[in-house]
Amino acid sequence: MRSTVLSRTRRWLGASALAIIAGVSGVTGAYVLTGSAANAQYQNAAQIVVPQANVQQGFADLVEAVQPAVVSILVEAEAPGRQVERRGRDFNFEFNFPDLPENHPFRDFFDQFGGPRGGQAPDRAPRPRQFMAAGSGFIISADGYVVTNNHVVSDATKVTVITEDGTEKVATVVGTDERTDLAVLKIEGEDLPFVTFEDTASRVGDWVVAVGNPFGLGGTVTVGVISGKGRDIGGSSYGDFLQIDAAVNTGNSGGPAFNVNGEVVGVNTAIYSPNGGNVGIAFAIPASTVKQIVNQLIDTGSVTRGYLGVAIQDVTKDIAEGVGLSTATGAIISNPSADGPAAAAGIKAGDIVLMVDDEKIDDALDLSRTIASHAPDSTVELTLWRDGAETKLSVKLGTLTEEVANATTDEAAPAPEVIEPEVTKTLGMALVPNGDGSGGMLVQSVEDGSQAAERGLATGDIILQVDNQSVASAADFDKAIEGVKGKGLNTALIMVDRNGATRFIGLPLAE
């Protein structure tokens, strides 16, 4: 089978790639991507009891106890757009002899095996190609709920769960969540062996034991430690992954990582690799996230998330200096949706969210993840940094739908029309009043090597605000800059519009 490597994520990933790991193929080539506890509602009749592992003697007792709850998952699915021969064999000949006479003996041969007749044979419609793939999972209840990855079972036409003793059970997909890459299956059975999630989060340096189905081998055990927490790998909207160094390979997707007490600390999901193979960096969805998502999938078959209704960005060092924050922390609101919950509660562009309820917010991703973890229609208290001081606002959250999540604010703005403006040169920029009637100062040019250029300002940008004050003329701009200096600040917080998308920039005042 082939592995598919995700796009580059952060700078530290360099030229290597991050591969989502799904499974291995069968005969045909597989398409593979290289509350309290969730068990609270389940009966405990078959809950596995794991003896305390003595790591100096190995992990054999732990593995022997948990293995009956770890399963292999066989998926039958369809890959669209591939030609399939009538009798089911996959012939992918690329013959192209459109000028053969209709009575030529090769014509029937090409028609039989998929050769085009100047294109597609008239009686041959393309049909999806069937394929098989394999992944991993684990049983979390005595009555047969199974956790795995969404990418393992997505587009599946049939899912089979294979237990440690080789028993095969056809599974029903209860629900999936693409955003966290989790899925819940259901198999028939009573008093099935199952495992539970950890209640106290493991720490960096703690042991982890990964059990799964790499390369279709089944029942494979690898051991390592938690190498890091809170990793954002770019393949998820809510990155908060555990990084582990236990060997995880293609086919381990959806499998559990255990602590020394036999509790699930995470679900193995992705690897960082230049070639699709294990290099000692793997990522697992933490148990705290899994429990929350799994409960919703079991209860309703889908996941709902809170919605704040804002465009946000990280607070850089320059932005922090521009608003008088001592540290670059929190998430700055660049554009509240006009009809969103945040705007209704009085949140404005330029507000910086420092806390949600009593939880500190580190950056924009942290805010997205925190809001999404709250139920729709719940009320949260936001601690904001506004006008040089903290303030609090309560917001009743909406519901994050796919339509809302996929909406973009990058709509093209009409080209600004400049009519005989008076050019003002300041801070390495030439500015003119924006002539399209929407306000702001149009950046007519930027000096190479200036602070403005280094901060990414470019010709055509529109400066809407300085220090949260709207500017529409040179006098407005100069007054706002003097106001910043009067506060003893060396950096001005500037709101910039580029093609309809707003963003904040911290602009040093020293030219």
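Colleague: Which residue forms a salt bridge with D467?

Modeller: In this predicted model, the partner of D467 is K487, and their closest N and O atoms lie 2.7 Å apart.

Colleague: Where do D467 and K487 sit in the chain?

Modeller: D467 is in the loop between β26 and β27 (469-470), whereas K487 is in the loop between α10 (474-486) and β28. The two residues are 20 apart, and the pair links distant parts of the chain.

Colleague: Is D467 buried or exposed?

Modeller: D467 counts as buried because its relative accessible area is 12%, which falls under the 20% cut-off. K487, in contrast, is exposed, at 52%.

Colleague: What does R498 pair with?

Modeller: R498 forms a salt bridge with D461, with 2.7 Å between the closest N and O atoms. This pair also links distant parts of the chain, 37 residues apart: R498 belongs to strand β28 (residues 491-498), and D461 to the loop between α9 (451-454) and β26 (462-466).

Colleague: And how accessible are R498 and D461?

Modeller: R498 is partly exposed, with 41% relative accessibility. D461 is buried, with a relative accessible area of 3%.

Colleague: Which residue does R455 bridge to, and at what distance?

Modeller: R455 forms a salt bridge with E454, where the closest N and O atoms are 3.5 Å apart. R455 is partly exposed, at 26% relative accessible area, and E454 is exposed, at 56%. Through shared partners, salt bridges join D318, E454 and R455 into one network.

Colleague: How many salt bridges are there in total?

Modeller: The count comes to 11 salt bridges.

Colleague: Let us change topic. How many residues does the largest nonpolar core have?

Modeller: The largest nonpolar core has 36 residues. Those with the most contacts inside it are F138, I140, V195, F258 and V290.

Colleague: Which of them gives the most?

Modeller: That is α4, with six residues.

Colleague: What does the second core include?

Modeller: The second core is separate and has 21 residues, among them L431, M441, V466 and L489.

Conventions: Residues numbered from 1 in each chain as written. Predicted model: local features only at pLDDT ≥ 70, side-chain atom pairs only at ≥ 80, totals over all residues. Heavy atoms only, no water. Salt bridge = Lys/Arg side-chain N within 4 Å of Asp/Glu carboxyl O. Buried < 20%, exposed > 50% of the residue type's maximum accessible area, 1.4 Å probe, protein only. Helix = DSSP H or I, 4+ residues; strand = E, 2+ residues; numbered from the N terminus. Core = buried A, V, L, I, M, F, W, Y, C linked by side-chain atoms within 4.5 Å.
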